Amino acid sequence: MIEKVIQYIDNNSAKFIKMSHDIHARPELGNEEYFASKLLSNTLKEAGFNLEHDIAGHETGFIATYDSEKQGPTIAYLAEYDALPGLGHACGHNIIGTCSVLSAIALKEIIEEIGGTIQVFGTPAEEGGVNGSAKASYVKAGLFNDSDVALMIHPGHESYRTVPTLAVDVFEVEFFGKPAHASENAHNGINALDAMITFFNGIGQLRQHIKKTDKVHGVILDGGKSANIIPDYTKARFYTRAMSRKELDVLTAKVDRVAQGAALTAGAKYKLEPIQNGVNEFVRNTFLDDLFEKHAKLHEEPILHDDFGFGSTDTGNVSHIIPTIHPHIKMGPSTLVGHTVEFREAAKSAHGDYALLQGAKIMATMAVELIERPEELARIQNLHETLRETIYGD
């Protein structure tokens, strides 16, 4: 079975490399990925998958399903395909989406023989933004409840297992004041910019009293329109991050109180509201990552063990529901850093193409083992339930 899926990937490599390059050449922001979503989903439809579109409030989302109608687990693949503002595919989502689709179709070639079901979740807006982090919407809608395990691979500067990620909230803070002439009757105004500056200063003071692993960062999006008018409106966008959702809820509440205090100081009103789904920390499943490393070595992909720092991903939300991996596959030099021009160029390079094919092979052969060895899947799922009990106490 493993030889068959590898052969399919090798025989169809040119088609999927072109698909990755086509998505790379037409970068689309979160929830606007019309070209990428159509290309990926149509490819799955042509391969015999049943398609659903417009998923959980995300127009460019899709779910593709192929059921062998033989008993077996449901293997979910996560496909991302949004780009970054101004930088295009500088996070390599053209590779991620194509890699998951290729792996799923390769698995479909033999699933009639081994049983089970394949799902591909097309998940928009991983990079966030308004109504961003679609995987969190999918989790809220219960869309992963019938899946047994979720697989995806991210391109990077090295190949390594799933690393810890931070929970994150993204929200906007607005202050509402009263306009007045800045010279003639400033005493009649309520300065929304004063409130915003007080808020920023308050956040600076708050940083002394939060955990070292907590993060708060933001920018002012609207600071007023004219220097001779008391600003009646200001807006900022902020991120809070923490090691867990429980810790993050505490941190975000503290930021809200700082905003409330800033508004009271200036005599203004305020509003603090999320602009996207909250993202949870990753629940790492050692046994599933062990399986990833085993199959990476099968395909002669060396895996490094190191601390690569902390980011955030809505794949973490999926990991709270079912066993999930989010490892990285090397596609360039060790100096490569995500969200840069260099990373964007690597995502359409020969190294990027190699990472795409390697990732697809690793996930496809992992899936074969998960289906053919139910005792291994059960071991992974039992660990997941133990981890959930630690977090939720259920």
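View 1. V139 is buried, with a relative accessible area of 18%. Buried means under 20% relative accessible area, exposed over 50%, and partly exposed in between (1.4 Å probe, protein chains only). The model is predicted: local features need pLDDT of at least 70, side-chain atom pairs count only at pLDDT 80 or more, and totals for chains, interfaces and linings use all residues. Residues are numbered from 1 along each chain as its sequence is written, and side-chain values use heavy atoms, with hydrogens and water left out. Helix 5, residues 134–140, holds V139. Helices (H or I, at least four residues) and strands (E, at least two) are DSSP runs, numbered from the N terminus. Leaving aside neighbours within four places in sequence, V139 contacts F144, N317, V318 and I321. Contact means heavy atoms within 4.5 Å. T315 is 176 residues from V139 along the chain, and their C-alpha atoms are 9.9 Å apart.

View 2. Helix 12 (residues 374–392) has 19 residues. From first C-alpha to last, helix 12 reaches 26 Å, close to the 27 Å expected at 1.5 Å a residue. The expected span is 1.5 Å times one less than the number of residues. The buried residues of helix 12 are E376, L377, I380, L383, H384 and R388. Seen down the axis, they fall within an arc of 145°, so they line one face of the helix. The arc is that of the directions from the helix axis to the C-beta atoms. An α-helix has 3.6 residues a turn, so residues three or four places apart point the same way. Exposed P374, N382 and T390 sit on the face turned away from the buried side. The cover over the buried residues includes strand 5 (149–151), helix 8, helix 9 and helix 11 (350–372). Just after helix 12, G393 has a positive phi of about 75°.

View 3. Two strands pair if DSSP finds at least two bridges between them. Six bridges join strand 7 (residues 167–176) to strand 10. Here E174 has K271 of strand 10 as its bridge partner.

**View 4. A56 and E300 have positive phi values.** Most residues other than glycine have a negative phi. Phi of A56 is near 50°. A56 lies in the loop between strand 1 (50–55) and strand 2 (58–67), and is partly exposed at 35% relative accessibility. E300 has a phi of about 60°. The loop between helix 8 (286–298) and helix 9 (315–319) holds E300, which is exposed at 71%.
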